[in-house]
Number of protein chains: 2
Amino acid sequence: MKFEDLIHQSGQWLQGEGSYGEVVISSRIRLARNITKIPFPQWAKKDDREKVLSLVQEAAAKSPSLKKSLFIRLDQIPLLDRQFLAERHLISQEQTRGDKDRAVIIGEKEIIGVMVNEEDHLRLQIIFSGLEFHQAWEISTKVDDELGKNLNYAFSSKWGYLTACPTNTGTGLRASVLMHLPALALSRDINRLLQAVAKLGLAVRGLYGEGTQATGNYFQISNQICLGRTEEELIENIDRVIKQIIEYEQNAKKIVLDKSKSETADKVFRALGILKNVRLISSQETIGLLSTIRLGLALGIISEKEVDRKKINELFIITQPAHLQKMGKKALTPMERDEKRAAIIREKLAHPYG
Amino acid sequence: MKFEDLIHQSGQWLQGEGSYGEVVISSRIRLARNITKIPFPQWAKKDDREKVLSLVQEAAAKSPSLKKSLFIRLDQIPLLDRQFLAERHLISQEQTRGDKDRAVIIGEKEIIGVMVNEEDHLRLQIIFSGLEFHQAWEISTKVDDELGKNLNYAFSSKWGYLTACPTNTGTGLRASVLMHLPALALSRDINRLLQAVAKLGLAVRGLYGEGTQATGNYFQISNQICLGRTEEELIENIDRVIKQIIEYEQNAKKIVLDKSKSETADKVFRALGILKNVRLISSQETIGLLSTIRLGLALGIISEKEVDRKKINELFIITQPAHLQKMGKKALTPMERDEKRAAIIREKLAHPYG
């Protein structure tokens with residue numbers, strides 16, 4: 001795999017497959033790991049960080065799960081490429097800075113990712129399309145074991161895995177989903193629901209992690225606690241809550257169909273009509289309109305034959321600024337981006353089966 | 001011709017034909033005439049008005065130009081039908097009241113119309129598609145002569161034709177055009193221009209005559225003065241001013257193309273995308289979006305092959321409330337009207353050549 005290959009493919013997590021794919025875009029398991037006797041990245045010196053890089057690279061080379069993976073030193077690629085990786089959810093916003101000897105390992109179909117020298121030495125993430133925590137957990141355990149064979153993880157029998165931030169200490173596990181909740185958002189029950197979710201020890205964030213807004217009715221929900229429970233318990237807990245939220249969303253959809261089918265159909269078809277014809281469009285408006293179409297698909301107002309969920313999921317990713325510029329093979333002004341974005345959307349939506 | 005035939009046809013003035021059809025929807029010549037020795041309608045008694053009706057009906061029956069015309073007593077048709085006629089510009093808002101023994105005569109292709117017992121005993125109007133005052137004047141003279149043979153017009157050698165309102169006395173002629181000036185409206189020069197037009201003795205009104213707003217950048221421009229000049233002079237004057245306005249609009253279009261082609265193309269295609277997909281739409285929004293598409297046609301952003309001007313002109317008329325209800329063959333709630341309007345627009349725009 002080469003870096004440029006990423007431009008012309010999309011991750012498994014965007015395929016619209018897996019359980020409850022209508023509501024849950026993706027499930028992600030993240031494990032925070034550090035190498036013993038090397039300071040956490042924030043306090044590490046250049047030599048320490050370089051050592052982490054080479055140790056991880058070696059361990060990855062020996063891991064069967066990472067055989068066909070791509071190892072990218074983030075300080076050796078341009079900012080645009082780092083932004084491109086962040087837009088794909090392969091690295092964090094923090095990693096886009098490209099300083100401090102950071103790297104990322106990207107596995108086949110972008111299911112496995114390992115951020116190196118982020119907040120912790122290793123941040124292993126597994127993302128799957130749909131609500132698929134068990135599948136993601138299985139793979140994460142496997143990769144964790146494979147890497148652990150060749151890396152001495154910082155581990156305390158009392159505390160568990162040691163991490164830079166104490167909130168991650170213990171299992172080092174964060175399980176999260178990216179959900180699309182347009183009907184709940186319409187019903188205005190969303191805030192009440194999200195408050196309840198927070199009380200259950202889960203955190204709710206927007207599309208791009210902490211501090212970002214819930215654009216287009218997309219929400220990231222993750223566990224807050226890593227300590228005092230087994231990984232399986234943590235996963236069971238969030239899985240149960242997510243299934244509950246899915247049920248609320250499905251009920252909210254029924255209410256939308258009962259109470260305002262015509263108005264909603266109108267909104268959905270207008271969104272489709274605009275996107276099929278648009279010549280200039282901002283990222284923000286794109287997300288809003290795609291979200292409306294996704295609602296239309298979920299409500300059966302438009303059929304998957306007309307626009308499939310995979311295409312909508314992909315459009316969310318490829319219409320972002322760095323993606324547009326990578327596809328356009330040059331830096332684009334905001335106006336040129338709005339033009340390119342519109343062109344890509346039109347092209348994608350012009351062919352129902354394309 | 002039967003009344004119901006009107007529903008399935010559209011007047012000649014909507015065909016998008018004639019000179020400068022891009023800017024001038026239609027040209028209209030109106031002549032105000034009264035029958036001598038009968039009080040003007042406002043002061044006339046029932047018997048007087050009935051007498052006018054029968055005199056005019058007889059005269060019309062003898063007029064070759066009105067041979068295939070339809071004579072409709074407005075007090076004998078439902079309000080919805082009167083509203084339908086007003087939406088087609090065949091009768092005035094005043095005539096929709098249906099009281100006071102009013103009638104209308106509608107000629108073939110809706111080119112000739114005669115309102116009876118409106119403000120004057122007769123209001124003869126000739127409407128043509130495009131800037132075609134001379135053609136309209138020729139026909140109006142002919143019909144006027146034909147009717148005048150069998151009616152004693154109130155005429156003073158000093159004042160000319162006598163009318164209920166002194167502003168019409170003299171020639172009784174009003175020449176008006178319905179213009180679409182979207183580029184001038186965008187350039188914001190429109191107000192300055194319209195003020196200049198007013199100083200030239202012309203009146204500017206909205207889509208439905210006096211007191212109505214200039215919705216969708218449509219403007220009616222007409223002469224204010226009927227007295228002290230010949231009909232030919234009055235027509236020459238307005239024709240010259242209209243040609244000047246057309247030139248300003250064409251220049252404004254060039255500026256739009258130079259300065260904001262992308263933004264305008266985006267607006268035009270969005271308007272088309274919305275209208276092709278809409279499920280609920282108000283009359284007001286329809287006019288705005290159709291106006292934008294008409295601008296797109298004029299600028300060459302979309303081609304006549306995709307949507308022709310005739311179709312856009314017709315949609316303006318048939319998406320009005322009374323038309324929707326006549327087509328739907330029943331009274332519709334506002335919500336049902338918005339649905340029906342959307343359905344008709346989608347149907348019309350689905351087939352480029354239909």
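**Exercises: the A–B interface and the chain B sheet**

About 1500 Å² is buried between chain A and chain B, and carbon and sulfur atoms give 57% of this area. Buried area is the accessible area (1.4 Å probe) that two parts lose on being put together, summed over both. This is a predicted model: local features need pLDDT of at least 70, side-chain atom pairs count only at pLDDT 80 or more, and totals for chains, interfaces and linings use all residues. Side-chain values use heavy atoms, leaving out hydrogens and water.

**Exercise 1.** Describe the contact between chain A and chain B.

*Solution.* 
- Step 1: Count residues. Chain A gives 16 residues and chain B gives 16 residues; contact means heavy atoms within 4.5 Å.
- Step 2: Look for salt bridges. The rule (a side-chain nitrogen of Lys or Arg within 4 Å of a carboxyl oxygen of Asp or Glu) finds two across the interface.
- Step 3: Name one. B:Arg270 forms a salt bridge with A:Glu285; their closest N and O atoms are 2.7 Å apart.

**Exercise 2.** Work out the strand order of the open sheet in chain B.

*Solution.* 
- Step 1: Strands (E, at least two residues) and helices (H or I, at least four) are DSSP runs, numbered from the N terminus. Two strands pair if DSSP finds at least two bridges between them.
- Step 2: Read the order. The eight strands run β2-β3-β4-β5-β1-β8-β10-β9, with antiparallel pairing.
- Step 3: Find the edges. β2 (70–73) and β9 (202–205) of chain B each pair on one side only.
- Step 4: Check one pair. Eight bridges join β1 to β5 of chain B. B:Ala32 has B:Arg123 as its bridge partner in β5(B).

Note on methods. Residues are numbered from 1 along each chain as its sequence is written. Chains are lettered from A and ligands numbered from 1 in the order in which they are written.
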